[in-house]
Amino acid sequence: MKSKKKFKASRIFQIWLPLILFTLFILFPYYWMFVTSVKPDADIISKPVQYWAANFTWAHYKDLFGYFNFLKYMGNSLIIAVGTTVLSLVVSTLAAYSFARYDFKGRKILMCLFLSNNMFPTVLLMIPLYSIMSSLGLLYSHFGMVLAYATFSIPFSVWLIQGFIRDVPFDLEEAALVDGCTRRGAFLRIFLPVLAPCLLAAGVYMFMQAWNEYTLASLMTNPASRTIPVALSTLIGQLGVDWGMLCAGGIITCLPVIIMFFFAQKYLVAGMTAGAVKG
């Protein structure tokens, strides 16, 4: 009995207590941001260190959706993020399938080129992308931003998806082909459902990258196509920072990603284990 009690006590101090402290450390900035968003401006200035709002108010959220017109920026970010996710998923899935299932000349070189794309920071490609989008007449447009973000998300996603495809038994497709299914039909009816957890994980990554990106958006958007990160940066001026609206915007910006993870978490876990069946 004493050994069991010692084991439980050691388990609490060695596992659960560090996990609780680590979780609190991660969640505290979000809590602090929410508290700041519901405090009046006078309290934010006079009582910057306050762990709960003494005078609770939703005024910053009302101002955010009122004269700041935050819904427009959310719509721009949503269009760009969803467009980037759809385009990148389609191109990455087809490319990854080709790299995983077919052996052709230059295959390894192309995969190395895809991987090398992630070696360079976004800043190095800002001027070339700006010049390309300007010459194509896509500057300051949603589609131009989708193409710009796809250039970064597709190479990484090809590596991610093709690694998963290699673990999927080829016998599944062969069985469908033997039963009279075409290559396209086998891919759509048999292969894609098996690939769904991996595609969901890749899609969440693509969406988050496009939703939170600031560097390219600051250069390639105007007030009409401005995204959330760029719009929130305008609240930081030379004469001061509107902390209330800035924190309120940050809280609302986090909600879509949190909701997405809440509903997709079981599929994300499945994506880590699916494809482990051996033929």
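I take accessible areas from the Shrake-Rupley method with a 1.4 Å probe; for residues, only the protein chains shown count as cover. On that basis the protein has about 16800 Å² of accessible surface, and carbon and sulfur atoms hold 71% of that.

Ground rules next. The model is predicted, so local features need pLDDT of at least 70 and side-chain atom pairs count only at pLDDT 80 or more, while totals for chains, interfaces and linings use all residues. Residues are numbered from 1 along each chain as its sequence is written, and side-chain values use heavy atoms, with hydrogens and water left out.

I looked up the fold. I found twelve helices and two strands, taken as DSSP runs numbered from the N terminus (helices H or I, at least four residues; strands E, at least two). From the N terminus the order reads α-α-α-α-α-α-α-α-α-α-α-β-β-α.

I checked burial. Of the 279 residues, 38% are buried (under 20% relative accessible area; exposed is over 50%, partly exposed in between; 1.4 Å probe, protein chains only).

Then T85. I placed T85 in helix α4, residues 70-101. Its relative accessible area is 11%, so T85 counts as buried. Beyond neighbours within four places in sequence, T85 contacts G203, M206 and F207 (heavy atoms within 4.5 Å).

I also looked at contact range. Among contacts with a separation of 6 or more, 70% join residues 24 or more positions apart.

Last, W16. I located W16 in helix α1, residues 2-37. W16 is partly exposed because its relative accessibility is 47%.
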